[in-house]
Structure formats: structure tokens, C-alpha cells
Amino acid sequence: MNKITIAIDGHSSCGKSTMARDLASRLGYVYVDSGAMYRAVTLYALRGGIAHDGQIDEPRLRDALPDISISFIFNPTTQRPDTYLNGELVEREIRSLQVSSCVSPVAALPFVRSAMVEQQRLMGEKGGIVMDGRDIGTTVFPNAELKVFVTASAEVRARRRYLELTAKGQQCDFADILRNVQERDYIDSHREVSPLRPAPDAVLLDNSDMTPAGQLEWLLHQVELKTNV
């Protein structure tokens, strides 16, 4: 089977990362969570006081970008890659509600997107990669052989996020999470650079009522359609 490039885009908390990881594992492909890269930049900004009270010191963040190193290291226990920020494991920290509340404004900054897109393209030069995010099929890999755009209702996505956070022992409020999901949808869809939208040739997937196993079966069928033509 020829190895192709697979781009999975969609709204926040659609389970894109889970389905992309599972698909990459089944195919023996490399998986890259582009959203984790933006979350790591956001965590760096929050820790350094570059982002606070909803405001971002853009000149400071621009100057700091060369000092922000993001990498992924495979975790044999979870069988998934973990995110590292300047050599520090930050997989748990970048999934916090604090980071979620600030990541869309950070990711909307043109100079941040430019830096991350450059890194993402280098990761996918040889194909055999599954990458998920907001603009993978439209900006990062416009020539990807398979593009998938995932969505679900805001309420379903907020419920998934709530269950994920509470399962990790984090205290949270469903109403706050729903508000965050809706705010991120608006920011992601209205940003000036690489707004969230399906690529013209993307296959649409509403996974509101699908199980992870059902999603994987659907994705594998889409891959088969692309690799057997």
C-alpha cells in the first residue's frame, strides 16, 4: 500500500487527536498533533506572563518564538506520542482549561501560525503521516491525498471535554467548557490567517453519534478508497 498524507481538520473537542492517533497506529504512519504545538506555545506564553487576563504581548511572543522548541516523543506505556516543551513533558499541562481558554487567540497570530506551519511541513515531507488540526488540509498540506473535516454539536463536544477533564481529576464547570467551545469556534472560524473551514475536496464527518471504533472503521475505508485507485 502506498503511504499517503492524511489531513484531519475540524472543530475543537471533536476527538480529532484520538482518531488521528488510532489511524496512524493502525496504518503504521507517523502521527503529529498540530494542536498540541499551539497549546505548547500558549503554555509558554502563560508561564512567562506573555499572555494574561486575555491579553497577549505580541512583540514579546514574537521575540520568544526562536526559544520555543516543541517535540514529540513516543510513550511506550500509552502507545502515543507525548508533547515536550523545551525538553519538559507538558502533555497534561497543555490540556488544561486555562490553556484551552487562551490557545485560539495565540494560534490566530500570523507569526505564530507561520512558525508552526513551517515546522509541520518539515515533519510531513516524506508522506506516511497523519496530522490533525485546524488548517492542515487547507494550508499545511493542501495536496494531501486524504482530507477529512470533522464536526459535532457544541454540546456534544463540551460534554466530551468535561468528561475528559473530570476523568483526569480536574475540577471544571460544564457551562464554562461549553462557553469556551463556542468562543473557540468563533475565533477559529473568523481569524484572518488560515480560518477554520473544510478544504474543497475534504470528506465531511459528523461524529456526534459515533463510537471511536466506528470512526476508525470509517477512516480506514476512506484510506482504502484513496490508496486503491
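In this predicted model, the axes of helix 2 (residues 34–47) and helix 4 come within 9 Å and cross at roughly 105°. That angle falls between 65 and 115 degrees, so helix 2 and helix 4 count as roughly perpendicular to each other. On the helix 2 side, the residues in contact are Tyr38, Arg39, Val41, Thr42, Leu43 and Leu46. They meet Gln98, Val99, Ser100, Cys102, Val103, Val106 and Ala107 of helix 4. Sorted by class, this contact between helix 2 and helix 4 comprises 9 nonpolar, 3 polar and 1 charged residues.

Charged side chains come next. Side chains of opposite charge can pair when their charged atoms come close, and the structure holds 11 salt bridges. One of them joins the side chains of aspartate 33 and arginine 95, with an N to O distance of 3.0 Å. This pair links distant parts of the chain, 62 residues apart. Aspartate 33 belongs to strand 2 (residues 30–33), while arginine 95 sits in the loop between strand 7 (88–89) and helix 4 (97–107). Both aspartate 33 and arginine 95 are buried. The pair is also part of a network of salt bridges that links Asp33, Glu91 and Arg95.

A salt bridge is also found between the side chains of arginine 134 and aspartate 188, at 2.8 Å from N to O. Arginine 134 lies in the loop between strand 8 (129–133) and helix 6 (136–140), and aspartate 188 lies in helix 8 (residues 174–190), so the pair ties together parts that are 54 residues apart in sequence. With a relative accessible area of 13%, arginine 134 is buried; aspartate 188, with a relative accessible area of 2%, is buried as well.

Lysine 147 and aspartate 201 provide a further example, their side chains meeting in a salt bridge of 3.1 Å, N to O. Here, too, distant parts of the chain are linked, with the partners 54 residues apart. Lysine 147 is in strand 9 (residues 146–151), and aspartate 201 is in the loop between helix 8 and strand 10 (203–206). Lysine 147 has 6% relative accessibility and therefore counts as buried. For aspartate 201 the relative accessibility is 46%, so this residue counts as partly exposed.

Serine 12 is placed in the loop between strand 1 and helix 1. Its relative accessible area is 1%, which is under 20%, so serine 12 is buried. Leaving aside residues up to four places away in sequence, serine 12 touches Arg134, Arg157, Val181, Arg184 and Asp185.

Serine 13 has a positive phi of about 60°, although it is not a glycine. The relative accessible area of serine 13 is 21%, and this residue is partly exposed. Asparagine 86, in the loop between strand 6 (80–85) and strand 7, likewise has a positive phi, near 50°, in a residue other than glycine. At 39% relative accessibility, asparagine 86 counts as partly exposed.

Key: Residues numbered from 1 in each chain as written. Predicted model: local features only at pLDDT ≥ 70, side-chain atom pairs only at ≥ 80, totals over all residues. Heavy atoms only, no water. Salt bridge = Lys/Arg side-chain N within 4 Å of Asp/Glu carboxyl O. Helix = DSSP H or I, 4+ residues; strand = E, 2+ residues; numbered from the N terminus. Buried < 20%, exposed > 50% of the residue type's maximum accessible area, 1.4 Å probe, protein only. Axes fitted to C-alpha atoms, helices over the stretch in contact; angles between N-to-C directions. Parallel < 35°, antiparallel > 145°, perpendicular 65-115°, else oblique. Contact = heavy atoms within 4.5 Å. Nonpolar A, V, L, I, M, F, W, Y, C, P; charged D, E, K, R; others polar.
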